Amino acid sequence: MTALLGLPVGLLLGVVVHRGDFCMHSAMREGLAGEAGPQMRAYLLALAAQVLVVNALAAAGILHVSPPPVAPVAAAAGGLVFGSGMVLAKG
Amino acid sequence: MGTGSLGAGAAVLGFAAGATLAVHGPLLALNLWVSGLAAGLPLSVDEALRLPRWLAVAGIAALALAAATVRPSPPRTATWRWDVTGLALAAVGALAWISGSVAGWPWGLSITGPSRSVVESAVLGMPEAAGWGTAMVVGIPLGAWLSARARRPIVWRAPERGEIVRRFSGGTLMGLGGTLAAGCNIGNALTGLSVLSLNSVIATAAIVCGVALAVAVRE
């Protein structure tokens, strides 16, 4: 039943993505064009705030976080395929 | 997709199909083989750089904040300001880590694995695949739909057939690639980087390269 806790989190994410018109594709395109546009800024701020909060929670023992195994070739190849798919799917 | 764009719907269907194909099909062998190559690196950025964890955390946060604020703000748009969006996104991201940990989900926000679990539990007859991530990912278009409907009535917009095919294929590549890279631009670039995962650093850099490459080819 605790799985249902995911639903409100997803709902909130949907609202934020819609109201903020947030899109990782646009953020990366802005970044590649060398501009700190609104999407890139939103992403960077989200990353900075989340890295602080999550690691503070982990340091306080509230959250247990562990990075996944590293598969460098798969991560690089998969990332390339994903990125080109993003452009094709436009978003 | 929640605002009624059928083109975005095609991309989402392609994404779920690609993420499923990568694990339930002949591609699984390739996936496993590539995933085993050159393994054995340290798991996190702080381990790889031999830095104390707090210093790596502070460094990443400072770099990202500096990059976000170094130049004058872009003009206001009809949507939320970038800083409101960014903080809201971080709040949802942190909430996902906490909410997920209660349900035994060992990661924060993520799209690729959960999208696959929707197909597995709803189409492939594997109810055991459903979990916190499944409920979360189903909530995203619902939330966007509720948010869009609160503003104005939803108008369904259908693109041309060629564009539907293109967006579906793009989505399929995203599903295949996202599975191989153990996450998409949210699971890696946001969630994975927040726990300093080295795999996510490699995947994020590769995603940016993939975007640059595809843009160069198209232009």
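Q: Which chains meet here, and how many residues does the contact take from chain B and from chain A?
A: The contact takes 105 residues from chain B and 70 from chain A. Keep in mind that this is a predicted model. Its scores are ipTM 0.95 and pTM 0.93.

Q: Can we zoom in on one pair of helices? At what angle do α3 of chain A and α9 of chain B pack?
A: For a helix pair, look at the angle, the distance between axes and the handedness. Helix α3 (residues 38–59) of chain A and helix α9 (residues 187–194) of chain B pack at about 30°, and their axes are 8 Å apart. The crossing of α3(A) and α9(B) is right-handed.

Q: Which residues make that contact?
A: From α3(A) come Ala46(A), Leu47(A), Gln50(A), Val51(A) and Val54(A), while α9(B) brings Leu190(B), Leu193(B) and Ser194(B). Sorted by class, this contact of α3(A) with α9(B) has 6 nonpolar residues, 2 polar ones and no charged ones.

Q: Now chain B by itself: how many helices and strands are there?
A: Count the elements, then read their order. Chain B has 10 helices and 0 strands, and its pattern along the sequence is α-α-α-α-α-α-α-α-α-α.

Q: What does the radius of gyration of chain B agree with?
A: The idea is to compare the chain with a compact globule. For 219 residues such a globule would have a radius of gyration near 17 Å, and the 19 Å of chain B agrees with that. Along its principal axes, the C-alpha trace of chain B spans about 50 × 50 × 45 Å.

Q: What percentage of chain B is buried?
A: Buried residues make up 47% of the 219 in chain B. Among contacts in chain B with a separation of 6 or more, 67% join residues 24 or more positions apart.

Q: And what is the mean pLDDT of chain B?
A: The mean is 92, and 99% of the residues of chain B reach 70 or more.

Notes. Residues are numbered from 1 along each chain as its sequence is written. Chains are lettered from A and ligands numbered from 1 in the order in which they are written. This is a predicted model: local features need pLDDT of at least 70, side-chain atom pairs count only at pLDDT 80 or more; totals for chains, interfaces and linings use all residues. pLDDT is the predictor's confidence in each residue, from 0 to 100. Axes are lines fitted to C-alpha atoms, for helices over the stretch in contact, and angles run from 0 to 180 degrees between N-to-C directions. Helices (H or I, at least four residues) and strands (E, at least two) are DSSP runs, numbered from the N terminus. A crossing is left-handed if the near helix is turned anticlockwise from the far one by less than a right angle, and right-handed if clockwise. Two residues are in contact if their C-beta atoms, placed from the backbone, lie within 7 Å. Ala, Val, Leu, Ile, Met, Phe, Trp, Tyr, Cys and Pro count as nonpolar, Asp, Glu, Lys and Arg as charged, and the others, Gly among them, as polar. The radius of gyration is taken over C-alpha atoms; the globule rule is 2.2 Å times the number of residues to the power 0.38. A residue is buried if 20 or more other C-beta atoms lie within 10 Å of its own, exposed if 12 or fewer, and partly exposed in between; C-beta atoms are placed from the backbone.
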